[in-house]
Amino acid sequence: MMFSLASLGIFLAGLTVTLGQIIGQYPPIVDVSMLRPIVSTSECGTPKAQTYCVYSTNATASLAPNCNAAVCNGTCPFSSSSPTPFNITANAVLGGGVTAVPGRQGSSTTAFSFAASNITVPSSVAPLVTSNGFSFAAWILQNDGNTGVLIYKPAANYAVAASKSSIVLYYLSSYSAGPVGSLSLTPGYWHHITVTAYQQDVSFYVNGTFVYAVGLGSSVVDQSGDILIGQGYGAFSSFSGLMQDMYFYSQALPQREVMEVATGTLPYLHLSTNCRCPPSQPADSPTTEGVCIQNPGTGMPNRGSVLRVNSQSHPAGYLNDLTTTDSWISNVGQAGLNITAHLTNSLYEIVFVNFVYASPRPKAAIIETSRDGGKTFNPVQFYADNCMSYFGLQNNGPIVAADSVNCITTASAQSPTYGVTLRFLMVDPTARPFSLDTSPTLRTFISASDLRINMVDFFNVSTFPQHLYYSIQEVTVAGRCACNGHASRCGTDITS
């Protein structure tokens, strides 16, 4: 039977009775794993597509000689890594009014001071705009009153200029686009600026955050020539101030990559966070996980949406995404692996863990917890069909102390093959000595910031090797913030 959120509520009601002798104040017990970061060391179809036999609720139909074959593919539809930037200053010539100075506090690269001069990137090494567009990114500290040019390419006649209230892309002296008069870039302070262009879509970012997008009216067509950094253009002055970490990309960077350039960290997404959006649809949909769309405000033309996550993938994010329509699947034939859920930067008291399998459960497994953010883990429960042969432990051994760890025997039968559970209860069926009110040892034992399950071995349910994998539909971790019996509710943002 599927262990649903409704059945979790029934269990928690019973747990309240079980813990009825507790006299301290404790927050409500909830599923603390919902949508929390979760990763696995194995994913079906990674690094290349695989064929596997699908298990069903009918055990006979699931096993040899039957094989309902399916394909899993965990590769990203577009990219799983950041594009390589062109470092503007690596092969550039500094003008007489450009000097190297210390960079931003805490940074390790050099900044450059501009005084009526420019940096020249010779045409022999200057990067080009491609069919995927381009991006220019830089840290700038602009002097008050300056409306200066950040990048200018005379041969292609495009330029980006900035002031304290505007960033504008100019092209062919006829087209311009940008947030004019609506920004607030404080003179004398560092700001990270990124401008991207894909066909006619132009987007602007400040400090990694998307601020504006618009249609330019014409795609930028490039040609060979020098690139000038800080050079005046038309009615606009040369840049006055400091620039640092100036990079050119021969593609339009998607939103998350812009934030990665600005901060050094790619923003986390629950499903396949390593998979990235393409230049044509650079924004992650705010309503549908795994879908990429255009930045709002462009529409030149409307290119619809695309999938960031492979439709044949089964990532770990499916384990705690509030649905049971999809499942995580391991690589075929990989018996030893683990799944780790990061629950909180603080601590939770974990009272119940439930794994709902869409395959036979492991022949041997270990549940572990961490109290230091995942740096170290300690076992809290062993499982095996024969505890002695796998772990050297007695089958269903006694719990003699608040922090005892025993091994529970699991059914050795090959079926059921679908919908079985692997559960860990801190208080039942064998009650641990002492209570949360009187035992600091027990409170420590059930406290965790992270939870990990190690799956050690398969049940050999079939002669088909394509049956040898693990699949889990949903993980439930019931717990509450650790307040040592002194509070009835959690503080602000303990789950962060």
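Guide: The largest cavity has a volume of about 60 Å³. Its lining is made by 11 residues, and those closest to its centre are Tyr198, Asp201, Ser203, Pro279 and Pro282. A cavity here is a set of points, on a 1 Å grid over the protein atoms alone, where a 1.4 Å probe fits but cannot get out; a lining residue has an atom within 4 Å of a point. Grid points are joined across faces, edges and corners, and the volume is the space filled by probe spheres set on the points.

The model is predicted: local features need pLDDT of at least 70 and side-chain atom pairs count only at pLDDT 80 or more, while totals for chains, interfaces and linings use all residues. Residues are numbered from 1 along each chain as its sequence is written, and side-chain values use heavy atoms, without hydrogens and water.

Two strands, β15 (191–198) and β16 (201–206), each supply at least two residues of the cavity lining. Strands (E, at least two residues) and helices (H or I, at least four) are DSSP runs numbered from the N terminus. By class, the lining has 4 nonpolar, 5 polar and 2 charged residues. Nonpolar covers Ala, Val, Leu, Ile, Met, Phe, Trp, Tyr, Cys and Pro; charged covers Asp, Glu, Lys and Arg; the others, Gly among them, are polar.

Pro279, one of the residues closest to the cavity centre, is also in contact with Gln251. Contact means heavy atoms within 4.5 Å. Gln251 sits in the loop between β20 (241–249) and α3 (255–263). It counts as buried because its relative accessibility is 18%, where buried means under 20% relative accessible area, exposed over 50% and partly exposed in between, with a 1.4 Å probe and protein chains only.

The structure holds 3 cavities of 30 Å³ or more. A pocket is another kind of space: an open set with protein on both sides within 12 Å along at least five of seven lines. The largest pocket holds about 350 Å³. Of its 21 lining residues, Ser40, Glu43, Ser272, Asn274 and Pro315 are the closest to its centre. The pocket lining has 7 nonpolar, 13 polar and 1 charged residues.

Note on methods:
Lists of a residue's contacts leave out its neighbours within four places in sequence.
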